[in-house]
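Subject: Model for your ligand work

Hello,

Here is the structure I promised to pass on. Please open it alongside these notes.

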Amino acid sequence: MSKQRALIIGGSIGGLFAANWLRKIGWDVTVFERVGDDLASRGAGIGTHDELRAVIDRLGLPVDDIGVWVERRICLERDGRVSHRLATAQLQSSWARVYRLLKDAFPAADYHFGMALERVEQDAGGVTAIFVDGARARGDLLVGADGVRSTVRGCLLPEAQPRYAGYVAWRGIVDESTFVSPEERELFGLYTMAFPEGEMILCYPVPGRDNDSRPGHRGYNHIWYRPTDFDTTLRDISTDVAGHCHGISIPPPLIRPDVVARIKADAHRLLAPQIAAIVERTGQLFYQAIFDLESPSLALGRVVLLGDAAFVARPHVGVGVTKAAMDAECLALEIQAAAGDLDAALARYDRARRLFGTRIVERARRLGAYIEAQLKPPGQRTEAEKQPSPEYLMREIGTVNLDIHALTA
Ligand SMILES: Cc1cc2nc3c(=O)[nH]c(=O)nc-3n(C[C@H](O)[C@H](O)[C@H](O)COP(=O)(O)OP(=O)(O)OC[C@H]3O[C@@H](n4cnc5c(N)ncnc54)[C@H](O)[C@@H]3O)c2cc1C
């Protein structure tokens, strides 16, 4: 029997997990990525969960070197004092590190850059991907791993739209070499949090340039969640010096200097001096608007949705990459177990991953509710929108204690 063929739309982390897993169970797999060249320059730190390492391990890839272990969390007051401490070990990685591992494991000849999907057609014999340049590809299964603005989802479930959460995450990475004094060296080894009213900032070490995890060569990642109204402020920070508004996200080098200066000034006004100094010396600050997304179905005929194309949970649970890995493994193992009954396998994938997606989106929404509520007058905020205690947030944010299995059961 000839091999079954999967078309993967989107060659980022979700697409690459799916590609490697389907290849592992014997499928012929081709990846189509809209962007024209290697994605590894996308720089951002990510928290990980044990399940991410377990999935990578079961895929047969090396997991030893994907990040930097952090043993302790601290919370800093505005005046720089440590208000809370929590001993908890977690591996912090970077988007680029995981991407590199997965990309290098997959045959380059079967990965096509510069291929933007336009639409999908299905018939009794399979599925056809039609690309913007007119090219077509035919397969037994098409995996939509094309992110929160998924074209695949747009074709099949146009009603499933991302919903803006009312805040953005300002982000950046600072080289370890800039942490010079003994106090800064100590801070570098810690997962540092602060919770100014209605906001949240998290800082932790991650692999550095070229995914280097060696001491001295790492980076310190920070993510600062700030309420940002959609119509005025988000529009303003997305507008470049020439007055062109880039929608909800602007290429980082085009963020106006006055916007960056304002963020840095706010850092000195609102954050502990140690954290403000890190924000101040960040070479390239950038932001990402935060969304929730829930798809009502993950399998439609011979098309499945996976990763951020399927569900987006706010990053407070730090689980997007882990979820994409688990989606991909579940898809491949259900297909393998169904021994030829692809429809049954896709139905089981849909049920299992939709349950997990729904629960994790809800959990993340609860953790960010107090930031979202800042755009309402204080009198209109509900009990669930009050700012939780630092102890609670320190325990729950991007937590290693997250019981992923309970969310799936
Ligand atoms: C502020 C922030 C912090 C985060 N922190 C964490 C964390 O700590 N831990 C964690 O696990 N996750 C975190 N995440 C989430 C994580 O980054 C995502 O869940 C993950 O990258 C999703 O991967 P994906 O492959 O599903 O989607 P994406 O990475 O969005 O990839 C989609 C790909 O599809 C391509 N594409 C789009 N349209 C088309 C088309 N029409 N044709 C072909 N290709 C197309 C795109 O170019 C892109 O490469 C965070 C996210 C944010 C915003």
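This is a predicted model: local features need pLDDT of at least 70, side-chain atom pairs count only at pLDDT 80 or more; totals for chains, interfaces and linings use all residues.

Local features need pLDDT of at least 70, side-chain atom pairs count only at pLDDT 80 or more, totals for chains, interfaces and linings use all residues, and side-chain values use heavy atoms, without hydrogens and water.

Ligand shell. The ligand is surrounded by 33 residues (a heavy atom within 4 Å). Ser 12, Gly 14, Glu 33, Gly 47 and Val 321 are the closest. By class, 16 are nonpolar, 11 polar and six charged (Asp, Glu, Lys and Arg count as charged; Gly counts as polar). At least two shell residues come from each of α1 (13–24), β3 (45–47), β11 (163–175) and α9 (320–337). Helix α9 gives the most, three. Helices are DSSP runs of H or I, at least four residues; strands are runs of E, at least two.

Polar contacts (N or O pairs within 3.5 Å). The Thr 151 side chain has an N or O atom 2.8 Å from a ligand nitrogen. For Asp 308, a side-chain N or O atom is 2.8 Å from a ligand oxygen. A polar side-chain atom of Trp 95 is 3.3 Å from a ligand oxygen. On its own, the ligand has 1000 Å² of accessible area, and the protein covers 89% of that (Shrake-Rupley, 1.4 Å probe).

Helix α8 (273–280). Its buried residues are Ile 275, Ala 276, Ile 278 and Val 279 (under 20% relative accessible area, 1.4 Å probe, protein chains only). They sit on the same side of α8, because they cover an arc of only 155° around the axis (taken from directions from the axis to the C-beta atoms).

Best wishes

Conventions. Residues are numbered from 1 along each chain as its sequence is written. Buried means under 20% relative accessible area, exposed over 50%, partly exposed in between (1.4 Å probe, protein chains only). A polar contact is a pair of N or O atoms within 3.5 Å; within protein, one must be able to donate a hydrogen and the other to accept it, and residues adjacent in sequence count only if both atoms are side-chain atoms.
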